[in-house]
Amino acid sequence: MNGRWVAGNRFTLLENGEGFFPRVFECIAAAEHEVLLETFILFEDKVGQALQEALLTAAGRGVQIDITIDGYGSPDLSPAFILALTQAGVRVHVFDPSPRLWGYRTNLFRRMHRKIVVIDGQRAFVGGINYSADHLADFGPEAKQDYAVEMEGPLVAEVHQFVRAQLLLGQHPPGSRLARVLKRRPAAAAAPVDTPLPAAGPSDAIFVTRDNVEHRNDIERHYRIAIRGARRRVIIANAYFFPGYRLLRQLRKAARRGVDVRLILQGEPDMPIVKIAAGLLYHHLLAAGVKIYEYHDRPLHGKVALTDDEWSTVGSSNLDPLSLSLNLEANVIIKDRAFNQHLGEHLEQLMQDSCTQIHARDVAETGLWVSLRSFFVFHLLRRYPAWFGWLPAHTPRLTLAEKLLGQTDVDVKISRVNEGRVS
């Protein structure tokens, strides 16, 4: 597995856009040297415009800024929006941009799903919150419930090094010799290690990523290890829940040995298939003693979990085939009793105020259909990680948004060339 336990960190839980956006924009406003930002979604709404304004102001002070957006998740930024950034010196990188086919996006798999910000190599943010207005409560019933963390301390240097390495890796053509080397040995892309940062708090933590080369199942393995070692409680709040067979088995085994295992899943999903897929597993989970709560206030977008009194995780990874077998993801794993307690209090409140508990009588089913469905779901869960692994694992490609000039079917295009490199 990638990552190593690093002591001396401090983590602050940020809930929803109301907690996340002001803090990120405040830190960008205070940046002195560098801002690195990765996001799956950047929309040109009031949140995207506020981010643009913060970046333009920082760039005007001479701050070096690189932002990476996903070609599938951020398809509709206008040329004017991108041009304003690039003219100010902000380098906008698009992950695997692809042309549309009959108006539909074609880059469906292996998305850059991480959400990371690093400020001056001193402070970082990791979580599941995108830059879009639907992460704010005033968006209405479809506003998302989500989480991120702000971190200080020695682990920030590893996050910083990782993001810089991804920029370097993505800037080389997939067929080049260096790209082939970096694909085999991604660590070779790393920039020199920053000066060690002083301790900032009591947390031991690991920064864990998922890719399609050397770290295909690292995030899932950390989940399984934590669940296997749980003695008192497991709480998982996850938006898209259809995990592999091994993780599902650990949840059932934990519940059967007396651990209080609770899942918080979507009751008002942003996509109907999400609830249908998770619902296929309810009967088997409930039969083993797992407790299931459906969150009904609005769509759940969070990807957080905790076990017992110390272990917690916050990040971008769902527990579904896309996140566990295809997407590029990033989580932090935290060992800290105070943080675990704080996150636990938030999730307990969520279950008490905004969730409906699902009981066995609510999903009671009998007959041949249930047996057949159980058979196919069982074998799908056993096999899909391997099946998805057969899909081509290309070298991730980053394209400067300005280079997409003239490609009329590409999602993002602008009309000015302003070459830049990661120093």
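Is glutamine 122 buried, partly exposed or exposed? Glutamine 122 is partly exposed, with a relative accessible area of 47%, a value that lies between the 20% and 50% cut-offs. The model you are looking at is a predicted one.

Glutamine 122 sits in the loop that links β5 (116-119) and β6 (123-127). Leaving aside residues up to four places away in sequence, glutamine 122 touches Glu152, Val156 and Leu197.

Now for the protein as a whole, here are some overall values.

| Property of the protein | Value |
|---|---|
| Helices | 11 helices |
| Strands | 16 strands |
| Residues that count as buried | 58% of 423 residues |
| Accessible surface | about 17700 Å² |
| Share of that surface on carbon and sulfur atoms | 55% |

Among contacts with a separation of 6 or more, 82% join residues 24 or more positions apart.

Within α3 (residues 79-87), the residues Phe81, Ile82, Leu85 and Thr86 are buried. Because these four span an arc of only 125° around the axis, they lie on the same side of α3. What do the buried residues of α3 pack against? Their partners are α2 (46-60), β3 (64-70) and β4 (91-95). After α3 comes glycine 89, which has a positive phi, near 100°.

Note on methods: Residues are numbered from 1 along each chain as its sequence is written. This is a predicted model: local features need pLDDT of at least 70, side-chain atom pairs count only at pLDDT 80 or more; totals for chains, interfaces and linings use all residues. Side-chain values use heavy atoms; hydrogens and water are left out. Helices (H or I, at least four residues) and strands (E, at least two) are DSSP runs, numbered from the N terminus. Buried means under 20% relative accessible area, exposed over 50%, partly exposed in between (1.4 Å probe, protein chains only). Contact means heavy atoms within 4.5 Å. Accessible areas come from the Shrake-Rupley method with a 1.4 Å probe; for residues, only the protein chains shown count as cover. The arc is that of the directions from the helix axis to the C-beta atoms.
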